[in-house]
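Please keep the sequence and the model in view while working through the numbered points.

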Amino acid sequence: MGTGRPPYVQRRPNGAPLRYDDGMSENQTLYEIIGGESRLRELVDRFYDLMELEPEFAGIHAMHPKPNDSSREKLFMFLSGWMGGPDLFIERYGHPRLRARHLPFAIGTSERDQWLRAMAWAMEDIGMDDALRLRLMQSFYQTADWMRNKAD
């Protein structure tokens with residue numbers, strides 16, 4: 001099971017947004033690095049499109065309401081703040097309480113891995129830089145693993 005409590009927003013201990021430092025993009029937030037609102041929207045839309053289209057994501061797709069417009073919007077809003085952009089989710093819904101909000105859904109290793117694979121595929125499909133994809137996947141893994149709430 002997931003242990004510990006990852007940060008729900010990628011921030012430094014002093015509260016400042018986490019900066020992506022690869023030597024080329026020093027002092028920019030992840031939100032800025034990926035290309036802001038339109039690029040984040042593209043990522044989230046591709047993620048949900050893949051979830052709907054690809055049989056390997058059937059397990060996590062089944063957990064989402066149909067249509068999944070509200071889920072798409074909530075993930076977009078959450079990731080905006082999590083990446084150092086506008087805190088849209090918090091402004092509208094308050095603290096994300098990620099684990100609590102996902103407790104009604106049985107999330108194990110398979111569901112975690114489906115989510116991560118769909119996100120990795122979405123990042124690749126939109127042409128995200130390899131180094132940035134790796135950085136994001138490390139953070140996504142931490143959070144996705146922490147969300148597990150059922151034994152395998």
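1. S71 is a residue of helix α4; helices here are DSSP runs of H or I with at least four residues, strands are runs of E with at least two, and both are numbered from the N terminus. Is S71 buried or exposed? S71 is buried, because its relative accessible area is 11%, and buried means under 20%, exposed over 50%, and partly exposed in between, with a 1.4 Å probe and protein chains only. Leaving aside residues up to four places away in sequence, S71 touches Y48, H64 and P65, where a contact means heavy atoms within 4.5 Å. S71 and Y48 stand 23 residues apart in sequence, and their C-alpha atoms are 8.8 Å apart in space.

2. On the basis of the work: this is a predicted model, in which local features need pLDDT of at least 70 and side-chain atom pairs count only at pLDDT 80 or more, while totals for chains, interfaces and linings use all residues. Residues are numbered from 1 along each chain as its sequence is written, and side-chain values use heavy atoms, with hydrogens and water left out.

3. The overall plan should be read next. The protein has eight helices and two strands, and from the N terminus on the order of elements is β-β-α-α-α-α-α-α-α-α. Of its 152 residues, 43% are buried. Among contacts with a separation of 6 or more, 68% join residues 24 or more positions apart.

4. The largest nonpolar core deserves attention. Such a core is a set of buried Ala, Val, Leu, Ile, Met, Phe, Trp, Tyr and Cys residues joined through side-chain atoms within 4.5 Å. Here it has 36 residues, and L40, L79, M83, L136 and F140 touch the most other members. Two or more residues come from each of α1 (30-34), α2 (36-53), α4, α7 and α8, and α2 gives the largest share, seven residues. F140 touches L79, W82, M83, W115, L116, M119 and M123, not counting residues up to four places away in sequence. In soluble globular proteins, nonpolar side chains tend to be buried together.

5. Which residues lie nearest the centre of the largest pocket? They are Y48, H64, L98, H102 and W115, out of 26 lining residues. A pocket is an open set of points on a 1 Å grid over the protein atoms alone, with protein on both sides within 12 Å along at least five of seven lines, and lining residues have an atom within 4 Å of a point. The volume of the largest pocket is about 790 Å³, taken as the space filled by probe spheres set on the points, which are joined across faces, edges and corners. Helices α4 (69-82), α6 (98-102), α7 (109-125) and α8 (130-146) each give two or more residues to the lining of this pocket, and α4 gives the most, with seven. The lining comprises 17 nonpolar, five polar and four charged residues; Ala, Val, Leu, Ile, Met, Phe, Trp, Tyr, Cys and Pro count as nonpolar, Asp, Glu, Lys and Arg as charged, and the others, Gly among them, as polar.

6. A cavity, by contrast, is a set of grid points where a 1.4 Å probe fits but cannot get out. The structure holds one cavity of 30 Å³ or more, and the largest cavity contains about 40 Å³ of space. Ten residues line this cavity, with F78, G81, D87, F89 and I90 nearest its centre. Helix α4 gives the most to the lining of the largest cavity, with four residues.

7. The peptide bond from K66 to P67 is cis, with omega near -10°, and P67 is placed in the loop between α3 (58-61) and α4. R97, in the loop between α5 and α6, has a phi near 45°, a positive value in a residue other than glycine. Most residues other than glycine have a negative phi, and most peptide bonds are trans. R97 counts as partly exposed because its relative accessibility is 47%.

8. Finally, S110 lies in helix α7 and counts as partly exposed, because its relative accessibility is 42%. The C-alpha atoms of S110 and R148 are separated by 9.6 Å, although these residues are 38 apart along the chain.
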